Amino acid sequence: MDFTLPTGSGFWNPIAWLIAFIVSLLIVYIIRSFGRRDYKKDTEQVKPFLSGNVEEPDKLMLKSENLYWGFKESMKGYYQMMKKLHTGDLRDYVLWFIIVIILLFVVVGVI
Amino acid sequence: MNIATHSPALIIAIPLLGAFLTPLIGKLGRRVRDAFVLIILILTSIIGIILAQQDYSEGIIKYTFGAKIPSLTSPSTISIPVRIIFEIDGMSIFMAMISLLLAFFAVLYSTSFIKDENGSDRYYTLLLLLLVGMLGMELTGDMFNFFVFIEIASISASALIAFSVDRGESLEAAIKYLAISSIGALFLLFAIGLLYGQYDALNMAMIANSLSNTYIDKIALILLIGSLAMKSGIAPMHMWMPDAYGEAPSSVTFAIIAATQASLYGLIRVCFTIYGKAFDMQAIAGVLVALAFASIFIGATMTLIQSSLTRAIAYAAVAEMGYILLGIGTALFLGVEGHGAVALKGGIFHIFNDALDMGLLFLAAGSIIYATKERDMNNLGGLARRMRFTTIFFLIGLLAASGMPPMNGFASKILIYESTYALNPILAIIAILSSILMLAIFVRIFYSVFLGPENPNLKDIKEVPKPMLISMACISLIIVLFGIFPSLVVNSIVNPAVHALSNVDAYIGSILGGV
């Protein structure tokens with residue numbers, strides 16, 4: 001059975017990728033085995049360090065809206081514009097359809 | 001009756017009959033009804049396999065409804081095809097396979113998912129009618145018949161979106177879907193009318209053979225592309241998609257993905273088969289590539305700011321439709337040879353992959369909603385402890401949808417990237433970066449839903465019932481197999497579809513050549 005998919009300029013062989021992946025896992029495992037074995041299980045050593053603060057378990061939960069805050073903040077202008085465009089108003093949905101139709105009329109040279 | 005001869009009619013008739021018998025069978029009990037619907041789908045799938053075998057061994061299948069001999073497309077005294085003719089080539093079969101697969105697993109999943117809901121008889125009737133609509137759109141060779149089937153699919157889909165009548169959001173989404181579908185269908189009908197007025201024909205092959213590049217032809221082309229692109233959820237006409245996909249029951253969304261792709265199939269058919277021979281499609285290809293990038297970028301970035309799990313996946317689905325359109329647009333631009341053929345192959349392969357990947361994500365999201373009654377990601381977290389199988393399935397879905405090797409999404413996306421690079425390297429770079437962005441965003445979704453500390457309110461939840469797990473497991477298995485054996489998939493089902501689209505003369509000749 002041929003596993004190689006020609007992609008125009010090159011090829012893709014998932015079996016070769018899987019072999020490379022398994023070899024990488026083995027290397028990672030070997031490197032990991034060089035690590036220290038004298039850590040103390042079930043002590044402070046294995047807990048995440050939160051700037052020395054002791055937090056209640058329910059406050060440790062990072063909410064979805066907090067994730068990628070920096071990315072969203074840096075693209076604030078873009079997101080404000082997109083929120084304005086996504087009104088949820090059916091009339092606006094139809095308006096976008098009309099705009100695309102007009103664009104097609106111009107590009108195809110009918111207008 | 002020879003089943004093989006009449007299989008094009010049976011593939012529509014069986015689910016149609018099943019749809020109307022379901023409420024009656026439902027009187028015998030839930031289990032009997034569920035088994036009946038599954039049997040109907042298995043029978044329809046068997047007919048689909050017979051059709052596929054016929055098509056791959058004998059070439060294009062034509063079936064004339066009402067003719068004494070089904071293969072007789074034009075009576076001897078008339079020079080044009082006058083009856084409804086199904087014309088089934090590799091592309092039709094490819095799309096029918098997707099519709100049948102998704103419909104089967106949607107029903108299997110639903111047997112548990114909607115078990116406690118009222119009106120489940122009507123639910124299965126509508127689901128089978130949706131399948132009828134999709135299959136009809138994909139197999140017909142008649143423009144007006146295509147319009148009829150798109151209407152059947154749209155009406156059943158909007159009723160299914162509104163299935164949870166106690167949720168205002170579902171009803172709003174259904175109304176929007178119905179309105180958008182109706183407007184799209186009316187423009188489609190207007191375009192068909194323009195073509196009929198010019199050429200006295202509704203048959204696709206006949207129209208493709210008659211097109212003379214007139215002013216009216218151009219207007220019809222624009223209306224066809226605009227309306228079908230809107231039905232396919234291409235940006236900036238994508239806004240109905242997060243509403244419909246996000247608010248419908250997940251099993252319904254799973255099936256509606258196939259309906260959306262059936263509209264995209266219509267767009268591909270118009271661009272390649274009907275207009276591909278007579279019309280210079282370069283300008284249209286440019287617009288399609290631009291719309292594809294808008295879909296990819298808007299879809300990927302808007303996924304990030306969603307708090308609803310299903311809406312987030314719906315925006316990702318917009319981006320995935322963009323990738324398919326990018327492959328199609330590039331192929332239209334470059335022609336159907338060399339890199340253009342690779343683009344077309346990638347685009348078509350990605351149709352199947354998109355259906356599987358996004359479908360699996362929606363099924364996993366549905367499982368989460370089923371178990372937690374919660375769709376806001378801010379209120380979810382740590383579910384991997386309680387829903388281990390769903391976690392694994394969601395992970396497979398997100399890796400595949402983000403185009404991570406060795407999943408199926410990577411195999412089709414690499415074909416699209418390489419061919420787009422031949423068109424313009426910057427376009428390929430943007431496409432790759434958007435896919436990476438998608439992966440990063442999916443990691444955020446995965447973390448907020450499955451990882452982190454356990455939400456105290458969700459400590460009592462359990463894994464979902466077996467039929468739901470089996471559906472997700474089967475889809476996951478297909479995803480992994482498609483990823484590991486992409487050349488097998490491309491050679492067996494994608495290449496015949498590509499060949500069908502690039503060989504317009506064979507399509508026209510099979511109808512106009514008579515018996």
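Okay, so keep in mind that the model is predicted. Let's start with charges. Over all chains, the count comes to 15 salt bridges. I'll pick out a few in chain B.

R269(B) and D89(B) are joined by a salt bridge, 2.7 Å from N to O. That pair ties together distant parts of the chain, 180 residues apart: R269(B) sits in helix α10, and D89(B) in the loop between β2 and α3. So are these two buried or exposed? R269(B) counts as buried because its relative accessibility is 1%, and D89(B) is buried too, at 1%.

Next up, D34(B) and R30(B), another salt bridge, at 3.4 Å from N to O. Here the two are 4 residues apart in helix α2, so about one helical turn separates them. D34(B) is buried at 6% relative accessibility, while R30(B), at 30%, is partly exposed. Both belong to a network of salt bridges that also takes in R33(B) and D121(B).

Then there's R167(B) with E169(B), where the closest N and O atoms are 3.9 Å apart. E169(B) is partly exposed, at 42%.

Now helix α6 of chain B, residues 168-199. With 32 residues at 1.5 Å each, it should span 46 Å, and its end C-alpha atoms are 46 Å apart, so that agrees.

Last, chain A. There's a nonpolar surface patch with about 1,200 Å² of accessible area together, including F21(A), L25(A), Y29(A) and F34(A). L25(A) lies in helix α1, residues 14-33, and is partly exposed at 48% relative accessibility.

Definitions and conventions. Residues numbered from 1 in each chain as written. Chains lettered and ligands numbered in written order. Predicted model: local features only at pLDDT ≥ 70, side-chain atom pairs only at ≥ 80, totals over all residues. Heavy atoms only, no water. Patch = residues over 30% accessible without salt bridge, like charges linked within 9 Å, V, L, I, M, F, W, Y side chains within 5 Å. Areas by Shrake-Rupley, 256 points an atom, 1.4 Å probe, with all protein chains shown as cover. Salt bridge = Lys/Arg side-chain N within 4 Å of Asp/Glu carboxyl O. Buried < 20%, exposed > 50% of the residue type's maximum accessible area, 1.4 Å probe, protein only. Expected span 1.5 Å × (residues − 1).
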